[in-house]
Amino acid sequence: MNRPRDEKVVAGLACGDVLALLSDYLDGDLAPEARRQVEAHLRGCEGCTRFGGEFRTTVQALRVHLRRATALPPGVLDRLRVALDEEA
């Protein structure tokens with residue numbers, strides 16, 4: 001498989017592999033061995049560590065924002081239903 005020149009392979013994982021697993025890693029959804037590989041790669045790859053930290057911060061901020069219950073202004077839901085009915 002051809003890899004970009006600046007892509008590192010650490011602990012058997014290339015940077016692209018880590019990026020593909022990063023969301024599951026942050027969610028705690030990786031099998032133990034895969035988690036260990038990602039963690040080993042992050043310890044040995046400054047670029048992935050930096051990106052992973054930024055990604056984690058972004059995901060956490062998005063989750064906080066989405067958890068905030070925001071009520072719609074009065075009438076918005078009714079206008080949305082009417083508009084969708086007109087499109088059908």
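Visitor: Where is the place of alanine 11?

Guide: Alanine 11 sits in the loop between strand S1 (9-10) and S2. Keep in mind that this is a predicted model.

Visitor: What is phi of alanine 11 near?

Guide: Its phi is near 60°. That is a positive value in a residue other than glycine.

Visitor: How should I read its accessibility?

Guide: Use the cut-offs: buried is under 20% relative accessible area, exposed is over 50%, and partly exposed lies in between. Alanine 11 has 37%, so it is partly exposed.

Visitor: Which residue takes a positive phi just after H1?

Guide: Glycine 28 does, at about 75°.

Visitor: Now H1 itself. How many residues does H1 have, and how far does it reach?

Guide: Helix H1 covers residues 15-27, which is 13 residues. From first C-alpha to last it reaches 19 Å.

Visitor: Where is the kink in H1 centred?

Guide: On leucine 21. The kink is about 50°.

Visitor: Which residues of H1 are buried?

Guide: Cys15, Val18, Leu22 and Tyr25. Their cover includes strand S2 (13-14), helix H2 (32-44) and helix H3 (46-67).

Visitor: Which residues make the contact?

Guide: On H1, they are Cys15, Leu19, Leu22, Ser23, Tyr25, Leu26 and Asp27. On H3, they are Cys48, Phe51, Gly52, Phe55, Arg56 and Arg63. Sorted by class, the contact of H1 with H3 has 8 nonpolar, 2 polar and 3 charged residues. Cys15, Leu22 and Tyr25 of this contact are also among the buried residues of H1.

Visitor: What about H2? Which of its residues are buried?

Guide: Val38, Ala40, His41 and Leu42. They pack against S1, S2, H1 and H3. As for span, H2 has 13 residues and reaches 19 Å from first C-alpha to last, close to the expected 18 Å.

Visitor: Is arginine 36 buried or partly exposed?

Guide: Arginine 36 lies in helix H2. Its relative accessible area is 48%, so it counts as partly exposed; exposed would need over 50%.

Visitor: How many residues apart are arginine 36 and alanine 14 in sequence, and how far apart are they in space?

Guide: They are 22 residues apart in sequence. In space, C-alpha to C-alpha, they are 14 Å apart.

Methods: Residues are numbered from 1 along each chain as its sequence is written. This is a predicted model: local features need pLDDT of at least 70, side-chain atom pairs count only at pLDDT 80 or more; totals for chains, interfaces and linings use all residues. Side-chain values use heavy atoms; hydrogens and water are left out. Helices (H or I, at least four residues) and strands (E, at least two) are DSSP runs, numbered from the N terminus. The expected span of a helix is 1.5 Å times one less than its number of residues. The bend at a residue is the angle between axes fitted to the seven residues ending there and the seven starting there. Buried means under 20% relative accessible area, exposed over 50%, partly exposed in between (1.4 Å probe, protein chains only). Contact means heavy atoms within 4.5 Å. Ala, Val, Leu, Ile, Met, Phe, Trp, Tyr, Cys and Pro count as nonpolar, Asp, Glu, Lys and Arg as charged, and the others, Gly among them, as polar.
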